[in-house]
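I opened this notebook to record what I looked up in the structure. The entries follow the order in which I worked.

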Amino acid sequence: MNITIKELADELGVSKTTISNTIDMLGIQQELKKIGNRFMLDEIQVSKIKTQIMQSSEMKTSQKLQNETQSETQKVQSETEKTLISFLETQISILHDQLTAKDAQINMLGKSLQDTSSALTAAQEALKDTTAALTAAQALHAGTIKQQLTEHSVISDVPSDFDSKSDTSTQNKRQKKIWQRFFRKN
């Protein structure tokens, strides 16, 4: 059963040009029978052309599907990237705010440390002054005790040939003076 190029094109739903291009691609131009001004195709040729066109159609469909899939993938990837960028910008903003707050805290703590250091230096100076005053007071006190001890030993060295009544009364007066000096009572 022989059919024309036009009949095959109508059957497959493609143009005559597509059929002619497929015949050229398959290299079967010389095998075609020409009746009048029409080329006739036998069953084997029709089968080869149909197979080639179906493969081309499948390839085009596959390529189209692949392009659509790739386009959709790029779209999703672009949306994902935009979402990720937005999220990262938000995180950067939050971290920047936290960093600003931490900088303020560091400045405040630095100022507090400086104030504490100044107070500590002043306290150390006061401690030095107090230590110097205490050392002077101890020296003065030691001198006073030494003087009192010296006076006490003078009293003990008084001769015993005085009358005991006058000796006791003098001794009581002197002892009273020593105690008065310790407690500074008049």
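**Notebook entries**

I began with Leu-84, which I record as partly exposed because its relative accessibility is 47%; the classes are buried under 20% relative accessible area, exposed over 50% and partly exposed in between, with a 1.4 Å probe and protein chains only. I note that the model is predicted, that local features need pLDDT of at least 70 and side-chain atom pairs pLDDT 80 or more, while totals for chains, interfaces and linings use all residues. Residues are numbered from 1 along each chain as its sequence is written, and side-chain values use heavy atoms, with hydrogens and water left out.

**Leu-84 and its patch**

I placed Leu-84 in helix 3. Leu-84, Phe-87 and Leu-88 make a nonpolar surface patch of about 290 Å². Such a patch takes residues with over 30% relative accessible area and no salt bridge, joining nonpolar side chains (Val, Leu, Ile, Met, Phe, Trp, Tyr) within 5 Å and like charges within 9 Å. Areas come from the Shrake-Rupley method with a 1.4 Å probe, and for residues only the protein chains shown count as cover.

**Overall layout**

I counted four helices and three strands, taken as DSSP runs numbered from the N terminus (helices H or I, at least four residues; strands E, at least two). The order from the N terminus is β-α-α-β-β-α-α. Of the 186 residues, 11% count as buried. The accessible surface comes to about 15500 Å², and carbon and sulfur atoms hold 57% of it. I also looked up contacts (heavy atoms within 4.5 Å): among those between residues at least 6 apart in sequence, 57% join residues at least 24 apart.

**Salt bridges**

How many salt bridges does the structure hold? I found three, each a side-chain nitrogen of Lys or Arg within 4 Å of a carboxyl oxygen of Asp or Glu.

- Asp-10 pairs with Lys-6, with the closest N and O atoms 3.3 Å apart. Both lie in helix 1 (residues 5-12), four residues apart, about one turn of the helix. Lys-6 counts as partly exposed because its relative accessibility is 45%.
- Lys-50 meets Glu-11 at 2.7 Å, N to O. This pair links distant parts of the chain, with Lys-50 in helix 3 and Glu-11 in helix 1, 39 residues apart. At 27% relative accessibility, Lys-50 is partly exposed.
- Lys-128 pairs with Glu-125, with the closest N and O atoms 3.9 Å apart. Both belong to helix 3, three residues apart, about one turn of the helix. I noted Lys-128 as exposed at 54% and Glu-125 as partly exposed at 40%.

Is Gln-52 buried or exposed? I list Gln-52 as buried, because its relative accessible area is 18%. Gln-52 sits in helix 3 (residues 43-156). Leaving aside residues up to four places away in sequence, Gln-52 touches Thr-22, Met-25 and Leu-26.

I then turned to the second largest pocket, whose lining includes Gln-52, Thr-22 and Met-25, with Val-14 and Lys-60 also among the lining residues. Helix 2 (16-26) and helix 3 are the elements that give two or more residues to this lining. Helix 3 gives the most, with five residues. The space in this pocket is about 180 Å³.

For the pocket I used a 1 Å grid over the protein atoms alone, a pocket being an open set with protein on both sides within 12 Å along at least five of seven lines, and lining residues having an atom within 4 Å of a point.

Notes
On a 1 Å grid over the protein atoms alone, a cavity is a set of points where a 1.4 Å probe fits but cannot get out, and a pocket is an open set with protein on both sides within 12 Å along at least five of seven lines; lining residues have an atom within 4 Å of a point. Grid points are joined across faces, edges and corners, and a volume is the space filled by probe spheres set on the points.
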